[in-house]
Amino acid sequence: MRTGALMALLLVGACAKPKEERARPVETLTAAPVSPAKSAALKAPERPQPPGAVLVRTDAGTFEAPSVRLIATFTEGAAPATLEVALSAQAEDGRHWAVLVPVEPMFPEKKHATARLTTKPLRVGMASAEVRTPSGSLLLANDGTVELEVTGREARGTVRTKEAGLSASFQGPLSIECMVPAAWLQQADGKESPGAPVPVAAPSAQASAVVPDEAQSTARCRDLKAHFR
């Protein structure tokens, strides 16, 4: 998760009109190999937020985004979700600023995280940040820190780095995107509709597929969302 990680995130933002909400599949944010579950998680549509609800302030100008995104990916079994905080913001002149931060499973309880900026593949405790111009030139943060904090459904963050134009502070609404195995949604639908047929087991190639639980119909997604009120 480094150059390609935020590059794809910025390319998604580039397809949107400035200061307009977008509803679209998000391309994979990571350059390093990722599991099918994680790849699908990062394609989740962003939940609607007021345009420009997040303001990113840098020494090279301001950027806006609909929300700071907490992307949670659950897989079969009792393992905790994989969590990532992502933000892609756009300036009026077409520049894009983005940050991607994997966070620990306890983040929903702690609501605070710090990470070091790097261009290497990411893991918890490491993060990526970059800014891209309309012409396609890219500036990556080679070193520095990211600090995140959430209060209720409001997220705040600070990025500190020596690269000009990348240091920033931001604040705005947090959106929760929950990805679960497709079978979980089928089971939840079956409970809500007792007369529904029992779903046939998915082929092995699709067994690990994850899909967005937009209605928080699964218990684990509801529990996650309950931490941010």
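Mentor: Let us begin with a definition: a salt bridge is a side-chain nitrogen of Lys or Arg within 4 Å of a carboxyl oxygen of Asp or Glu. Please bear in mind that this is a predicted model, in which local features need pLDDT of at least 70 and side-chain atom pairs count only at pLDDT 80 or more, while totals for chains, interfaces and linings use all residues. Residues are numbered from 1 along each chain as its sequence is written, and side-chain values use heavy atoms, with hydrogens and water left out.

Trainee: How many salt bridges does the structure hold?

Mentor: In general, side chains of opposite charge can pair when their charged atoms come close. The structure holds five salt bridges. One of them is formed by Asp-143 and Arg-116, whose closest N and O atoms lie 2.6 Å apart. This pair links distant parts of the chain, 27 residues apart: Asp-143 is in the loop between strand S8 (138-140) and strand S9 (145-151), and Arg-116 is in strand S6 (residues 112-117). Helices (H or I, at least four residues) and strands (E, at least two) are DSSP runs, numbered from the N terminus.

Trainee: Is Arg-95 buried or exposed?

Mentor: Buried means under 20% relative accessible area, exposed over 50%, and partly exposed in between (1.4 Å probe, protein chains only). Arg-95 counts as buried, at 15% relative accessibility. Its side chain meets that of Asp-93 in a salt bridge (2.8 Å, N to O), and Asp-93 is partly exposed at 46%. Consider also Glu-149 and Arg-156, a salt bridge with closest N and O atoms 3.6 Å apart. Glu-149 has a relative accessible area of 36% and Arg-156 one of 28%.

Trainee: Which residues does a disulfide join?

Mentor: A disulfide is a covalent bond between the sulfur atoms of two cysteines. The cut-off used here is a pair of cysteine sulfur atoms within 2.5 Å. The structure holds one disulfide, joining Cys-178 to Cys-221 with an S to S distance of 1.9 Å. The pair links distant parts of the chain, 43 residues apart, with Cys-178 in strand S11 (residues 168-181) and Cys-221 in helix H5 (residues 219-226). Both cysteines are buried, and their link is left-handed, with -80 degrees about the S-S bond.

Trainee: How many bridges join strand S1 to strand S2?

Mentor: Two strands pair if DSSP finds at least two bridges between them. Five bridges join S1 (residues 54-58) to S2 (residues 61-65), and the two strands run antiparallel. A hairpin of two residues connects S1 to S2, and Thr-58 stands opposite Gly-61 in S2.
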